[in-house]
Amino acid sequence: MDQSIMEYRTLEIKMISAKDVKDVTPFFQKLKVFAYVSIKGDPLNPQTEVTDADGYNKRNPEWNSSLKFTFKESLANQDRLFLKIHLGAKLNFPNKLIGTVNIPLKELFDNPAGHQLSYQVRKINSEKSRGTLNLSYKLGDRPPPPKTMKEPVKAPGEVFTNGAWKLTHIMVVVLIMINLYTLFFCSLSIMIMLL
């Protein structure tokens, strides 16, 4: 068997639930929490999966979603890969980041799979807790390596952009329209003066 095929393993993460998640929604919107999960550290194999948003359990969301990933075992053994989990609030526009969990894949790789693990959800660049995340995992067989780079999955409403990219695009279009409008009327004024 080809050595490169043997380097890859599957990882199934079961996103079970979260508890006491900070409510970051405006007072008039209901908290609907989703998880945006990715494996970071291998630029040749970016992977991202997203759970559905739980709109029923508010600050204690339940997903029971299984997300599957493929990773290079040698990178995990070198402690170069980690699982990054963002919890977000699905809003009308835009989604809002609640907090993040970072788990080295080596930590999962070195421990027996199957039991439920709990991690503190933290605000980015802060030790402040924003809830507890519960998950379990299972390491699978060694599948063939990915054939091509996968395009990252976008979470509903472009995850946590706070609308900045959309606002930038809208502003560019508006500026172009203003410039065209100005150019048209300047040209028209010049033509009228020449007559």
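**A first walk through the model**

Guide: By class, 3 nonpolar, 3 polar and 2 charged residues line the largest cavity. Please bear in mind that this is a predicted model.

Visitor: Which residues line that largest cavity?
Guide: The lining of the largest cavity consists of Ile 39, Asp 42, Asn 45, Gln 47, Thr 70, Phe 71, Lys 72 and Leu 81. Strand S4, residues 62-72, gives the largest share of this lining, with 3 residues.

Visitor: And how much space lies in the largest cavity?
Guide: The space in the largest cavity is about 30 Å³. A search of the whole structure finds 1 cavity of 30 Å³ or more.

Visitor: What about pockets: what volume does the largest pocket have?
Guide: The volume of the largest pocket is about 170 Å³. It is lined by 13 residues, of which Thr 100, Val 101, Asn 102, Arg 122 and Lys 123 are the closest to its centre.

Visitor: Let me step back. How many helices and strands are in the protein chain?
Guide: The protein chain has 4 helices and 8 strands. Along the sequence, their pattern is α-β-β-β-β-α-β-β-α-β-β-α.

Visitor: What share of the protein chain is buried?
Guide: Of its 195 residues, 35% are buried. The chain exposes about 12,000 Å², and carbon and sulfur atoms supply 58% of that area.

Visitor: Which residues touch the most other members of the largest nonpolar core?
Guide: The largest nonpolar core has 34 residues, and those touching the most other members are Met 15, Leu 83, Ile 85, Leu 87, Leu 105, Leu 108 and Leu 133.

Visitor: Take Leu 105, then. What does Leu 105 touch?
Guide: Leaving aside residues up to four places away in sequence, Leu 105 touches Leu 11, Ile 39, Phe 71, Ala 76, Leu 81, Phe 82 and Leu 83. Among these, Ile 39, Phe 71 and Leu 81 also line the largest cavity.

Visitor: Now to Glu 7. Where does Glu 7 lie?
Guide: Glu 7 is in the loop between helix H1 (3-6) and strand S1 (8-19). Beyond residues up to four places away in sequence, Glu 7 touches Phe 71, Lys 72, Glu 73 and Ser 74. Glu 7 and Lys 72 are 65 residues apart in sequence, with 5.5 Å between their C-alpha atoms.

Visitor: Why does Glu 7 count as partly exposed?
Guide: Glu 7 counts as partly exposed because its relative accessibility is 24%, and that class runs between 20% and 50%.

Visitor: And Asn 125: buried or exposed?
Guide: Asn 125 is exposed, because its relative accessibility is 81%, over the 50% limit. Its place is the loop between S7 and strand S8 (129-139).

Visitor: What is phi of Asn 64?
Guide: Phi of Asn 64 is also positive, near 50°. Asn 64 lies in strand S4, and it counts as partly exposed because its relative accessibility is 46%.

Technical notes. Residues are numbered from 1 along each chain as its sequence is written. This is a predicted model: local features need pLDDT of at least 70, side-chain atom pairs count only at pLDDT 80 or more; totals for chains, interfaces and linings use all residues. Side-chain values use heavy atoms; hydrogens and water are left out. On a 1 Å grid over the protein atoms alone, a cavity is a set of points where a 1.4 Å probe fits but cannot get out, and a pocket is an open set with protein on both sides within 12 Å along at least five of seven lines; lining residues have an atom within 4 Å of a point. Grid points are joined across faces, edges and corners, and a volume is the space filled by probe spheres set on the points. Helices (H or I, at least four residues) and strands (E, at least two) are DSSP runs, numbered from the N terminus. Buried means under 20% relative accessible area, exposed over 50%, partly exposed in between (1.4 Å probe, protein chains only). Accessible areas come from the Shrake-Rupley method with a 1.4 Å probe; for residues, only the protein chains shown count as cover. A nonpolar core is a set of buried Ala, Val, Leu, Ile, Met, Phe, Trp, Tyr and Cys residues joined through side-chain atoms within 4.5 Å. Contact means heavy atoms within 4.5 Å. Ala, Val, Leu, Ile, Met, Phe, Trp, Tyr, Cys and Pro count as nonpolar, Asp, Glu, Lys and Arg as charged, and the others, Gly among them, as polar.
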